[in-house]
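This report covers the disulfides of the protein shown below. Each link is taken in turn, with its geometry and its place in the chain.

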Amino acid sequence: MGSRPSIPVNKKTNLVGKPGDMNKLNVLKQTDKASILKKFPSVTTKPAKQDRRHTTTTAPSANDIWFETWENSSLFSSLPASDVDALGKKRFVAPHVVYKTDKKPDEPCSITTSLSYFPEEEGGETNVTAPPKSPPSNLTVVTVEGCPSFIILDWEKTDNDTTEYEVISTTKGPDGTQVSILTTNQTHTAVENLKPESSYEFKVKPKNELGEGPPSEPVSFNTESADPRVSENVSGKDAIWTQFPFKTDSYSECNGKQYVKRTWYRKFVGIQLCNSLRYKIYLSDSLNGKFYNIGDQTGHGEDHCQFVDSFLDGRTGNQVRADQLPAREGYYRAMRQEPVNFGQIGGNSHVTYMSWYECGTAIPGKW
């Protein structure tokens, strides 16, 4: 959404992808999914407008930003666990908004984990005879409490002639009206890289090879404040990522766009996206040289989130022993703040490396 014409349109396919089976097992046993989704009626059958109960929550002080309400929260709720966000500003509540309220404050935000609660629809052969006639219904905004950079839109299919959808996101701000469009063949999708404290409008348009159908009724959503521990500007360190293709010694589940930036380690950090919150992290001495995996001597790379300027110890994929990984050259260290060394990782080195990271920091972006 940078400097563009007054109404730029960025068409792209839905690159979020299907969550991995391993991740689904880690988050939610298949046998539990049905019972959990029963607590989430707004995704499948949006209820009529409800009377909202007013809950009183004291705004947190500067020294007590986070609240502990997640411990007693259910997984999904039409009301947030707290009336206020990390900066004490009131959260957005509407009949078409559902909150996922079980995320712990120090747990990284995860698009992939959130999408695992939405079953994938099986694609089949469809013999369409006309453009879609009916708009999608029950468009619902699902937001993970404490994660302002993305939401998940969910809706119901109302026309058997529909084979895909255009998801249209509109935001109005100082730079004028900006429009982003993505396409998907599912009845849900993540909308990423939302700006904090911004107003959005979403609608979904059905399509097939013969034409377009009428769009859904628009729904609005206001994002919450950015986490001040992540968004605070650090002097001399602008976390600006530049899209740049680089060569990797690849060990990754991510195959999206690549971004680089200079790090205070006097090295380049390379990122390859699964989505804006899940990515593979590499290091290199040279912008045009090979970007190498980062090994961890005392964990599974949780502290490597420091390389993308995150305060969190992140979540990582493929947490296996070093001797189960191919031996290769790469950077490694044991603890946060340590300088990195270069040498053998994996194999007999006792140094593990990971296929993806979730650090709570959206990329691309800027503090």
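## Cys109 and Cys147

In this predicted model, Cys109 is bonded to Cys147 in a disulfide whose sulfur atoms are 2.0 Å apart. The pair ties together parts 38 residues apart in sequence, because Cys109 sits in the loop between strand S3 (97-100) and helix H4 (111-115) while Cys147 sits in the loop between strand S4 (137-144) and strand S5 (151-156).

The link of Cys109 and Cys147 is left-handed, with -95° about the S-S bond. Cys109 counts as buried at 9% relative accessibility, and Cys147 is buried with a relative accessible area of 1%.

## Cys254 and Cys274

A disulfide joins Cys254 to Cys274, with an S to S distance of 2.0 Å. Cys254 belongs to the loop between strand S13 (247-248) and strand S14 (258-262), and Cys274 to strand S15 (residues 268-275), so the pair links distant parts of the chain, 20 residues apart.

The torsion about the S-S bond of Cys254 and Cys274 is about -95°, so this disulfide is left-handed. Cys254 has 5% relative accessibility and counts as buried, because the limit for buried is under 20%.

## Cys305 and Cys359

The sulfur atoms of Cys305 and Cys359 are 2.0 Å apart and form a disulfide. Its torsion of -80° about the S-S bond makes the link left-handed.

Cys305 lies in the loop between strand S18 (294-296) and strand S19 (315-316), and Cys359 in the segment after strand S23 (357-358), 54 residues apart. Both Cys305 and Cys359 are buried.

## Overall pattern

The count comes to 3 disulfides. With bonded cysteines counted along the chain, they follow the pattern 1-2, 3-4, 5-6.

Definitions and conventions
Residues numbered from 1 in each chain as written. Predicted model: local features only at pLDDT ≥ 70, side-chain atom pairs only at ≥ 80, totals over all residues. Heavy atoms only, no water. Disulfide = S-S within 2.5 Å. Helix = DSSP H or I, 4+ residues; strand = E, 2+ residues; numbered from the N terminus. Buried < 20%, exposed > 50% of the residue type's maximum accessible area, 1.4 Å probe, protein only.
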